[in-house]
Amino acid sequence: MPEQGFHPDQLRDSWGTYSGGDVDWRGGRSWSLVYDSPAWHAELVDDAAARFAHENGLSHSAFPSAARFESETISMVSSVVAPDTRTYGVFTSGGTESLMVAVKAYRDSTGRREMVLPNTAHPGYWKAAAYLGLTVRHIKVGSDGLPNVTELVDAIGPETAMVGLSAPCFPFGVVDPIEEVAAAAQERGVGLHVDAAMGGLFLPFLPGAGGPTIGFGPNVPGVTSVSVDLHKYGYGAKGASVVLFATRELRHHSYYVATGWPGGAYAASAVVGTRPVGAAAAAWTAVAALGHEGYQSLVNTVMDTARRLQEGMTGAGLQLVGSPPMGVFAVTTPGLELSAVASGLQRRGWWIDTQDDPPAMHFVVFPRHAAVADRFVHDIRDAVQEAEDGVAASGPQASYGVMVRGGEPTEQLLKEHLDGRFDNQGAA
Ligand SMILES: Cc1ncc(COP(=O)(O)O)c(C=O)c1O
């Protein structure tokens with residue numbers, strides 16, 4: 001801590017210096033992490049986030065603004081995710097917290113301690129299980145990225161608190177067989193959560209972009225809750241997601257409330273206590289500013305770009321995993337070292353996410369990629385050619401959310417990687 005505070009201009013300069021090494025997402029160089037909307041929209045969303053950065057979403061009595069932003073965002077999302085269906089929502093800080101809240105609801109409503117998931121379900125489910133004392137039964141998916149319905153349903157037993165599916169799953173962008181599994185789970189009296197962190201505000205607009213109609217919300221019989229991130233394809237600021245429960249009772253089980261504390265009654269609808277109203281204001285603004293027309297137009301752009309990219313990549317000899325319906329997909333490099341192709345792209349200035357099983361590069365397409373898709377296809381042809389010519393891989397091994405240096409990402413290495421985020425950071 002400096003003895004005296006720095007001048008604001010110096011600190012603003014530091015923002016520039018510190019972010020100098022950040023991935024160039026504005027230039028469309030990354031395929032994950034930042035979901036961009038047009039400049040006029042992004043600026044409005046930024047304004048909303050900044051305007052309400054200090055208000056506290058913990059107290060809706062003190063801040064009725066928070067109640068309005070959150071509940072109106074929930075109902076706008078619900079109207080497209082589960083049209084004409086009454087749902088009971090909560091507002092959270094993101095996909096992981098939404099899963100945490102949903103898993104708690106199933107644990108506390110059933111008293112059971114097990115969940116059944118395809119192994120492609122996001123680790124946020126696993127994390128919720130670990131924090132809340134549940135065990136996970138993983139069903140390994142096939143080469144199309146999808147679980148076998150019979151195998152999944154057969155895994156439901158007397159201790160099953162819930163089944164968790166994805167729309168779509170992050171690794172391959174494919175949507176689990178929701179209707180079939182939901183019907184079977186319902187027959188067995190077991191609830192089913194759909195993690196639509198990615199697809200919640202994208203899939204409803206897919207038919208308008210020439211894609212299939214895919215049901216995934218509580219309007220599908222047997223789906224008892226769904227989570228949708230506003231900070232992904234909702235184009236809000238970071239820190240915003242909603243869970244829509246099919247019943248008020250299930251939502252009650254998601255809450256944490258306490259009485260008897262000298263500080264007064266405590267009631268929290270999410271894991272965290274103090275929450276930025278800015279994230280809710282930004283989410284509300286993002287949705288209200290785009291409306292159906294705006295989302296449809298962005299989905300059209302993403303789908304058009306995704307198709308161009310996929311054609312370019314398959315034309316260069318790469319292979320899609322399964323049949324991903326939206327702008328999220330993985331490609332393998334048959335006959336070539338994945339790391340050689342990925343590092344060829346990294347050398348050309350692209351931030352490439354890779355995954356292990358099968359070895360593949362992972363892409364999430366954003367509207368900004370429309371302008372760089374041709375450049376990327378050109379570069380991928382060159383990178384493939386280099387890999388065929390035997391140019392060796394170089395650079396770190398990339399994986400989801402982290403960049404691992406120094407070998408296979410074992411649990412110990414990942415913990416040391418996290419230490420590295422906080423240790424030896426130097427002084428301002
Ligand atoms: C399908 C899915 N679920 C959950 C999450 C976790 O979301 P968050 O990082 O907002 O906690 C992600 C993140 O990418 C995701 O893709």
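Mentor: Begin with Ala280, whose relative accessibility is 1%. Keep in mind that this is a predicted model.

Trainee: Why is Ala280 called buried?

Mentor: Set the value against the cut-off. Buried means under 20% relative accessible area. Ala280 has 1%, so Ala280 counts as buried. Ala280 is found in helix H9.

Trainee: What is Ala280 in contact with, leaving aside its neighbours within four places in sequence?

Mentor: Its partners are Phe69, Glu70, Thr73 and Phe91. Contact requires heavy atoms within 4.5 Å. For another pair, take Ala280 and Val81, which are 199 residues apart along the chain. Their C-alpha atoms are separated by 18 Å.

Trainee: Now Val271. What makes Val271 exposed?

Mentor: Exposed means over 50% relative accessible area. Val271 has 51%, so Val271 is exposed. Val271 lies in the loop between strand E9 (266-268) and helix H9 (277-315).

Trainee: Which residues does Val271 contact, leaving aside its neighbours within four places in sequence?

Mentor: Glu97, Met100 and Val101. Also look at Lys104, 167 residues from Val271 along the chain. The C-alpha atoms of Val271 and Lys104 are separated by 10 Å.

Trainee: On to helix H5. Which residues of H5 are buried?

Mentor: H5 covers residues 123-132, and Gly124, Tyr125, Ala128, Ala129 and Leu132 are buried.

Trainee: How do you know that they are on the same side of H5?

Mentor: They cover an arc of only 145 degrees around the axis, so they are on the same side of H5. An α-helix has 3.6 residues a turn, so residues three or four places apart point the same way.

Trainee: Which residues of H5 are exposed on the other side?

Mentor: Ala130 and Tyr131 are exposed there.

Trainee: What covers the buried residues of H5?

Mentor: The cover includes helix H4 (95-110) and strand E2 (114-118). Also included are strand E3 (135-139), strand E4 (160-166) and strand E5 (191-196). After H5 comes Gly133, with a positive phi near 75 degrees.

Trainee: Which residue has a positive phi near 60 degrees and is not a glycine?

Mentor: That is Asp84. Asp84 sits in the loop between helix H3 (64-81) and strand E1 (88-92).

Trainee: And what makes Asp84 exposed?

Mentor: The cut-off for exposed is over 50%. The relative accessible area of Asp84 is 85%, so Asp84 is exposed.

Trainee: What about Tyr235: buried or exposed?

Mentor: Buried means under 20%. Tyr235 has a relative accessible area of 4%, so Tyr235 is buried. Tyr235 is not a glycine, yet its phi is positive, about 65 degrees. Its place is in the loop between strand E6 (225-229) and strand E7 (241-245).

Trainee: Where are the cis peptide bonds to Pro168 and Pro358?

Mentor: One runs from Ala167 to Pro168, with omega near -5 degrees. Pro168 is in the loop between E4 and helix H7 (178-187). Another joins Asp357 and Pro358, with omega about 0 degrees. Pro358 is in the loop between strand E12 (353-355) and strand E13 (360-364).

Trainee: What makes the space lined by Trp25, Gly28 and others a cavity?

Mentor: A cavity is a set of points where a 1.4 Å probe fits but cannot get out, whereas a pocket is an open set. The search of the whole structure finds 1 cavity of 30 Å³ or more. The largest cavity holds about 40 Å³ of space. Its lining is Trp25, Gly28, Ser30, Val34, Asp36, Phe366, Arg368 and His369. By class, that gives 3 nonpolar, 3 polar and 2 charged residues.

Trainee: What is the volume of the second largest pocket, and which residues are closest to its centre?

Mentor: The volume is about 390 Å³. Of the 18 lining residues, Trp25, Val34, Tyr35, Ala42 and Asp46 are the closest to the centre. The lining divides into 9 nonpolar, 3 polar and 6 charged residues.

Trainee: Last, how is the chain divided into domains?

Mentor: Domain 1 is 45-288 and domain 2 is 291-415. Their centres, taken over C-alpha atoms, are separated by 27 Å. 31 residues of domain 1 are in contact with 29 residues of domain 2.

Methods:
Residues are numbered from 1 along each chain as its sequence is written. This is a predicted model: local features need pLDDT of at least 70, side-chain atom pairs count only at pLDDT 80 or more; totals for chains, interfaces and linings use all residues. Side-chain values use heavy atoms; hydrogens and water are left out. On a 1 Å grid over the protein atoms alone, a cavity is a set of points where a 1.4 Å probe fits but cannot get out, and a pocket is an open set with protein on both sides within 12 Å along at least five of seven lines; lining residues have an atom within 4 Å of a point. Grid points are joined across faces, edges and corners, and a volume is the space filled by probe spheres set on the points. Ala, Val, Leu, Ile, Met, Phe, Trp, Tyr, Cys and Pro count as nonpolar, Asp, Glu, Lys and Arg as charged, and the others, Gly among them, as polar. Buried means under 20% relative accessible area, exposed over 50%, partly exposed in between (1.4 Å probe, protein chains only). Helices (H or I, at least four residues) and strands (E, at least two) are DSSP runs, numbered from the N terminus. The arc is that of the directions from the helix axis to the C-beta atoms. Domain bounds come from an automatic or database domain assignment.
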